[in-house]
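Reader: Hi! I'm new to this one. Could you walk me through it?

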Amino acid sequence: MRNDKIQITATYKVNYSDTLLEFLLKKMNLSRNNVKRLLANKQVLINGSLISQYNFPLAKDDVISITKHSVNEENMLKVHTKEKKKRIPRLEIIYEDEDFIAINKPNGLLSIETDKKHMETAYNYLQEYFYEESKKRIYLLHRIDKETSGVLLFTTNPKVYSKLKLNWNDYILKREYIAIIEGHLNNKEGSITNYLVENVNNIVYVSKNNVGQKAITNYKVMKENPKYSLLLVDIKTGRKNQIRATFSNLGNPIIGDDKYNSQTSPLKRLGLHASLLAFKHPFTNKVIEIKAKAPNTFYSLFNNDKNRM
């Protein structure tokens with residue numbers, strides 16, 4: 001059975017830490033034996049990953065899906081392996097310690113499942129690896145867009161996860177991105193403050209009357225050519241699509257971003273990369289800085305006199 005044809009009969013979102021069996025007993029009008037049977041029959045997915053362990057630890061924002069039929073684990077893994085080799089490069093681990101692990105997420109890969117048809121995510125692949133190796137689970141601490149590459153941070157410590165999820169912005173020291181925009185900016189360095197609103201089509205736009213979420217975006221132009229500008233962007237607020245909406249509103253959308261009115265795609269991908277994340281450990285106050293170098297193609301675009309359209 002292919003992943004995109006798995007039939008889901010019920011979906012539950014976790015609002016607080018729990019274990020899988022106890023959570024399902026509270027949510028489903030079933031006996032303990034019937035819930036155990038669902039797990040034994042391989043009919044329970046967590047964030048798109050097949051889980052049958054009764055005491056598997058759950059965290060806030062996990063999504064539990066119940067399938068109509070047993071999921072063929074062997075076929076599921078074959079599909080994962082085949083598609084991973086075909087479309088997804090090996091995940092590059094760029095930082096690891098006793099509490100944290102960070103990858104350089106490739107563009108085109110979801111951070112975590114947002115649609116039942118999307119089973120290939122950074123979370124799923126990393127969770128698969130950790131669970132097979134050490135029976136541990138991982139917790140995703142933030143997200144970056146599917147089309148964006150760069151630093152993506154996880155923790156293996158549930159206490160760290162709870163603390164950071166509740167107060168994420170209090171511990172974040174810096175979030176830097178490398179971005180390529182269409183055209184040029186009059187001011188080569190500056191700070192932009194906007195208020196962002198999301199419409200029914202999931203498009204984030206800049207409000208004209210200061211309604212919505214405040215977004216502060218600092219930038220510096222690093223390179224220019226006749227068509228594009230290479231920017232170092234430091235966001236002080238982590239809003240959905242903040243960088244993409246901000247520069248589109250200026251009339252300088254990120255290249256390859258047809259969602260936000262880009263007219264060109266010289267790299268055949270979104271020109272946005274999460275290059276640095278710095279934060280404080282919530283219990284030790286140790287400052288951790290993680291970097292992911294932007295793809296060479298970002299820079300080579302500015303070293304070539306014939307810039308592709």
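**The pocket and a helix**

Author: Happy to! The largest pocket holds about 1,300 Å³ of space. A pocket is an open set of points on a 1 Å grid where a 1.4 Å probe fits, with protein on both sides within 12 Å along at least five of seven lines; lining residues have an atom within 4 Å of a point. The model is predicted: local features need pLDDT of at least 70, side-chain atom pairs count only at pLDDT 80 or more, and totals for linings use all residues. Residues are numbered from 1 along each chain, and side-chain values use heavy atoms, without hydrogens or water.

Reader: Which residues lie nearest the centre of the largest pocket?

Author: They are His142, Arg143, Ile144, Asp145 and Lys240, out of 47 lining residues. The lining divides into 20 nonpolar, 10 polar and 17 charged residues.

Reader: And which element gives the largest share of that lining?

Author: That is strand E16, with 4 residues. Helices (at least four residues) and strands (at least two) are DSSP runs, numbered from the N terminus.

Reader: Switching to helix H5, which residues are buried there?

Author: Val160, Tyr161 and Leu164 are buried, meaning under 20% relative accessible area, while exposed means over 50%. Seen down the axis of H5, the buried residues fall within an arc of 100 degrees, so they line one face.

Reader: What does the face turned away from the buried side carry?

Author: There you find the exposed residues Lys159 and Leu166.

Reader: How does H5 start?

Author: A side-chain oxygen of asparagine 157 comes within 2.9 Å of the backbone nitrogen of lysine 159.

Conventions: Buried < 20%, exposed > 50% of the residue type's maximum accessible area, 1.4 Å probe, protein only. Arc of directions from axis to C-beta. Polar contact = N/O pair within 3.5 Å; in protein donor to acceptor, adjacent residues only side chain to side chain. Points joined across faces, edges and corners; volume = space filled by probe spheres on them. Nonpolar A, V, L, I, M, F, W, Y, C, P; charged D, E, K, R; others polar.
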